[in-house]
Amino acid sequence: MHIPDGFLDAKTALATGALSAAGLGYALREVRRELPPRRVPLLGLAAAFLFAAQMVNFPVMGGTSGHLVGGALVAVLLGPAAAVVVVATVLIVQCFLFADGGVMALGANLFNMGLTATVGGYAVYRGVARLLPGLRGRVAALAFAGWCSTIIAAAACAGQLAWSGTVAWRVGFPAMVGVHALIGLGEGAVSALVLLAIARTRPDLLPDQPGAAAAPGRVGPFVVFGLLVTLGIALFVAPFACPWPDGLESVAARLGFNHPASSPLLPALIPDYQLPGITSPGLATALAGAAGALVVFLLAIGFSRLVVPREGPALKTEI
Amino acid sequence: MIPAIQLNGLTYAYPDGTAALREVRLTVAPGECVGLLGPNGSGKSTLLRHLNGILPERFPEAGGAVAIQGEAVAAGNLGVIRRQVGLMFQDADDQLFCATVREDVAFGPQQLGLGPEEVAARVQHALEEVGLVHLGHRPPHHLSSGEKRRACLAGLLACAPSILVLDEPTSGLDPRGRRELIALLRSVRATKLIATHDLELVVELCPRAVILDGGRIIADGPTAALLDDEPLMLAHGLERPHILQHRHPHEVKPETRGTKSEAPAPASERAR
Amino acid sequence: MTVLAPPSFASGDPRANRAVLCWPAAAKMAGALVLITGTAVVPAGWKLWFAGVALLLGVVWALGRLPPGPVLRRLLALSPFVAGVALAAAWSPGGVLDWKITALRSGLCLATVILLAQATPFAEMLAVMRRVHVPALLVTTIALMHRYLFVLADEAERMRRARASRTFTTGRRFAWWAAATVVGQLFVRATERAERVYDAMGARGWR
């Protein structure tokens with residue numbers, strides 16, 4: 001999901017740059033205030049870990065393989081502020097050292113993967129883990145959070161491309177979100193398995209169960225990060241995704257795409273994107289999205305029951 | 001004379017309750033070079049970490065179990081203590097955390113608050129001493145194991161400590177790297193405490209040896225006598241080094257000559 | 001998605017008779033920034049700009065006698081993102097010309113960044129970052145990441161190999177468990193190493 005240079009126009013680059021700079025600046029301030037000095041080197045090591053973890057291949061099918069992206073996982077392991085710094089570090093090094101993701105697009109990439117994916121993923125994780133008890137609950141919560149973080153990052157990315165006039169929203173959004181709905185399943189499963197693997201060897205490294213008395217979350221970071229992410233989503237996604245039927249049309253007109261809607265890029269993946277009986281495409285998209293999320297949520301719970309034995313993190317015989 | 005290192009019944013248990021050191025008493029005179037021997041898990045590294053205050057995590061009120069140059073190690077004077085004691089870690093990659101060798105060697109002097117010229121001069125001198133001037137710009141990742149060790153040593157020497165504490169300096173080195181490091185260590189003028197499994201290194205460098213096992217000091221005495229004591233060595237997961245086995249038993253051992261060790265007679269503190 | 005290029009530029013003695021490497025890092029970074037910003041925003045009609053940038057990059061490349069491998073490899077596999085977006089752009093009614101210009105911009109910027117990375121030791125880039133007042137905590141984190149990235153990547157590779165040498169089944173389920181264990185173990189090791197690095201920093205007077 002690293003946007004290269006040349007795909008974003010100046011206004012998108014500036015807007016995402018400003019949002020990301022604000023988010024990263026706030027995260028650094030938070031970390032400096034909250035993190036004991038003992039944990040400072042951990043930021044750099046965690047970034048190196050994330051980088052190395054992204055090189056571990058998970059076979060998918062037919063010889064292809066995927067890898068972890070890790071925003072939600074790192075946010076759960078280290079907390080949202082530290083995760084923003086860690087993922088931003090990885091993105092910066094990838095950008096300048098490996099030419100992965102553009103320099104002008106760095107702001108957008110930081111916003112999508114460094115801010116939205118981590119903070120969004122963390123919020124989902126906390127919400128779900130509060131509801132579901134035990135290690136199973138945490139595994140299910142992270143599996144779901146991994147999927148959600150991938151989806152929102154993809155949606156934000158599609159929004160930025162549309163705002164720049166590079167890829168029309170009605171092509172870019174279904175393509176990005178459709179593909180990442182699948183990739184996100186892998187991301188969620190891998191994140192959850194890694195959490196489980198850590199729970200087996202060093203449970204003391206895991207954060208406390210959200211909702212437990214020992215884990216008093218501060219509200220400040222949530223408000224600030226939440227505001228920034230919401231602002232960005234409002235800027236990049238809302239103009240295109242608003243549920244009024246004429247929203248898309250007006251945007252298309254503004255961008256100069258007055259042609260009839262082209263066919264979706266991946267018809268097989270999202271065949272019934274518009275549910276029968278619902279006329280507004282925006283509403284249909286929202287409903288389809290909600291239905292998809294519910295299915296993935298149930299999948300996450302089923303997955304956690306599959307991989308976590310009832311007694312907790314006992315050693316599995318197959319490993 | 002004020003001892004360089006003095007341990008007055010140092011006892012330490014890890015936060016999880018595992019006892020690591022029990023009533024350790026050890027005195028090292030200035031200029032001495034002492035080899036610290038013992039099987040894995042005997043508490044060597046834990047002991048070394050106490051010498052510049054990395055352990056314990058929190059200093060007890062009473063304190064005073066560790067004294068460096070006559071000064072008790074406590075939370076308030078770690079700066080002073082760390083100026084005296086240069087600690088070389090077991091894994092060179094942990095110690096070389098900067099982007100280039102030169103930056104890494106400069107880290108200590110910078111933390112001492114020296115001016116840029118003084119830092120540059122010390123770095124240059126330390127790199128010359130270990131023979132790494134030509135590799136100063138390299139990232140540590142691209143050094144060989146031997147070069148990494150020497151870079152670590154340069155980082156310590158740049159702080160000009162009076163005491164060098166080395167944890168397994170020769171592990172993972174090829175014979176040439178090991179030889180170079182030993183020559184280098186011999187040339188450095190400082191009090192040295194070397195924890196190692198490399199018994200031949202101890203025979204070569206250290207006139208005095210200490211055996212630690214189960215967190216206790218088992219024996220303390222002249223190296224040649226101690227390491228020649230096969231039953232003692234075998235009982236504590238060690239062995240009699242070959243270098244001693246090839247010597248005639250009646251030959252006067254050069255290592256013991258002129259050793260003014262304040263230590264008790266060999267094996268006198270032997271357990272049991 | 002991430003495609004990793006091996007850091008071939010980081011090996012060997014980088015200063016051996018290559019003048020480009022000795023140019024001040026700040027100038028190289030500023031120049032690269034100007035080229036990239038310009039290439040990304042100039043109107044599609046400015047053919048002369050694109051040609052000029054390409055020429056300039058080529059000249060610097062030749063002057064520095066840098067290996068052509070990394071940039072070619074990277075440009076050829078211009079990352080799935082570019083291909084996907086180009087495809088989507090071709091689908092939309094914007095026209096094919098647009099897509100070509102986008103790929104051109106993208107390629108030139110990519111070449112600029114790779115050239116910068118090849119021609120500038122990372123430590124010097126860090127020094128420039130410090131000088132332009134990037135927050136110290138961020139620079140420290142970037143420096144530590146860069147320092148331990150290869151160490152941890154090596155560890156991951158060793159663990160993977162050790163596991164593969166004792167794996168006799170080929171089930172996907174097992175492979176996922178195994179890979180997740182490697183990643184989890186990697187996190188544990190990274191945490192432990194962070195503690196030791198902190199000790200090492202403390203031992204030399206940090207804080």
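**Close-up 1. Chain C comes in two domains.** In this predicted model, chain C splits into domain 1, covering residues 8–130, and domain 2, covering residues 135–203. Where the two domains of chain C touch, four residues of domain 1 meet four residues of domain 2. On the domain 1 side of that contact, three residues are nonpolar and one is charged, with no polar ones.

**Close-up 2. Chain C meets chain B.** Here we look at where these two chains touch: chain C brings 22 residues to the contact and chain B brings 24. On the chain C side, the elements giving two or more residues are helix H7 (122–131), helix H8 (136–164) and helix H9 (172–203). H9(C) is the top contributor on this side, with eight residues. What kinds of residues make up the side of chain C that touches chain B? They divide into 13 nonpolar, five charged and four polar.

**Close-up 3. Four strands of chain B form an open sheet.** Reading across the sheet, the strands of chain B run in the order S2-S1-S4-S5, and the pairing is antiparallel. Which strands of chain B stand at the edges? They are S2 (19–28) and S5 (71–72), and each has a single partner strand, so one side of each has no neighbour in the sheet. As a bit of background, strands in a sheet pair through backbone hydrogen bonds, in either a parallel or an antiparallel way.

**Close-up 4. Strands S1 and S2 of chain B pair up.** Now for one pair from that sheet. Strand S1 of chain B takes in residues 5–13, and seven bridges join S1(B) to S2(B) in the antiparallel sense.

**Close-up 5. Helices H1 and H4 of chain A pack against each other.** A pair of packed helices can be described by the angle between their axes and the distance between those axes. For H1 (residues 10–34) and H4 (residues 80–97) of chain A, the angle is about 125° and the axes are 8 Å apart. That angle makes H1(A) and H4(A) oblique to each other, and their crossing is left-handed.

**Close-up 6. The residues between H1 and H4 of chain A.** H1(A) puts in Gly23(A), Leu24(A), Ala27(A), Leu28(A), Glu30(A), Val31(A) and Glu34(A). Facing them from H4(A) are Ala81(A), Ala82(A), Val84(A), Val85(A) and Ala88(A). By class, the residues of this contact come to nine nonpolar, two charged and one polar.

Definitions and conventions: Residues numbered from 1 in each chain as written. Chains lettered and ligands numbered in written order. Predicted model: local features only at pLDDT ≥ 70, side-chain atom pairs only at ≥ 80, totals over all residues. Pairing = 2+ DSSP bridges. Contact = placed C-beta atoms within 7 Å. Nonpolar A, V, L, I, M, F, W, Y, C, P; charged D, E, K, R; others polar. Axes fitted to C-alpha atoms, helices over the stretch in contact; angles between N-to-C directions. Parallel < 35°, antiparallel > 145°, perpendicular 65-115°, else oblique. Left-handed = near helix turned anticlockwise from the far one by under 90°. Domains from an automatic or database assignment.
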